[in-house]
Amino acid sequence: MRNPRLTVQTILSEVGLNPKRFPSVKHFTSWLGLCPGQKVTGGKVKSSQTRTVVNRAANAFRIAAFSLTHSRSALGAFYRRLRSRLGAPKAITATAHKLARLFYQIWTTAGRYSDPGMEYYEQKYQDLILKNLQKKAQAFGLQLVPKSQDKGEASFGQTLST
């Protein structure tokens, strides 16, 4: 097996310089083999595993995704959250897919990427969790009430006294 230097130049040499080769980001990630498969027969999903593809660009995106393990960026937080839930191999593929989508967007629009940071990502994720909890509570006819932040008040109402 060759040991190529996996850089942006490697990705561009593998992909080519013409972004019009891929009509959409979905075509690009499918060509890389980073999107979920769709093996369905008789309305039953047999497999959603990604295709095996021999592609240096896909390997570069996977290596870049794995390097985010200790990164203090939003992508690093995304990878760690998925790794805790799905395991490392699936998290690497999902993060590589996200990196490929970002690369395609930058490649086609000649734009720039600015990382919002890990704190922004975590806050956005917490807001999403809270919104889902409020929807579930409303479905059961309940209402979420935030806990009081005053230190003088007891959190659970009455206290025991002798």
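Select α4 (74-86) first: α4 is among the elements that cover the buried residues of helix α6, where cover rests on contact, meaning heavy atoms within 4.5 Å. The model you are viewing is predicted, so local features need pLDDT of at least 70 and side-chain atom pairs count only at pLDDT 80 or more, while totals for chains, interfaces and linings use all residues. Residues are numbered from 1 along each chain as its sequence is written, and side-chain values use heavy atoms, with hydrogens and water left out.

Now pick α6 itself, residues 118-139.

Which residues of α6 are buried? Highlight M118, Y121 and A137; buried means under 20% relative accessible area, exposed over 50%, with partly exposed in between (1.4 Å probe, protein chains only). These three cover an arc of only 145° around the axis, which puts them on the same side of α6. Turn to the other side and you find E119, K124, K135 and Q138 exposed. After the helix, stop at G141, whose phi is positive, near 80°.

Next, show α2 (residues 25-32) together with α5 (residues 88-109). They pack at an angle of about 130°, with axes 10 Å apart.

Finally, display the side chains here: V25, F28, T29 and L32 of α2 meet H97, A100, R101, F103, Y104 and W107 of α5.

How values were computed. Helices (H or I, at least four residues) and strands (E, at least two) are DSSP runs, numbered from the N terminus. The arc is that of the directions from the helix axis to the C-beta atoms. Axes are lines fitted to C-alpha atoms, for helices over the stretch in contact, and angles run from 0 to 180 degrees between N-to-C directions.
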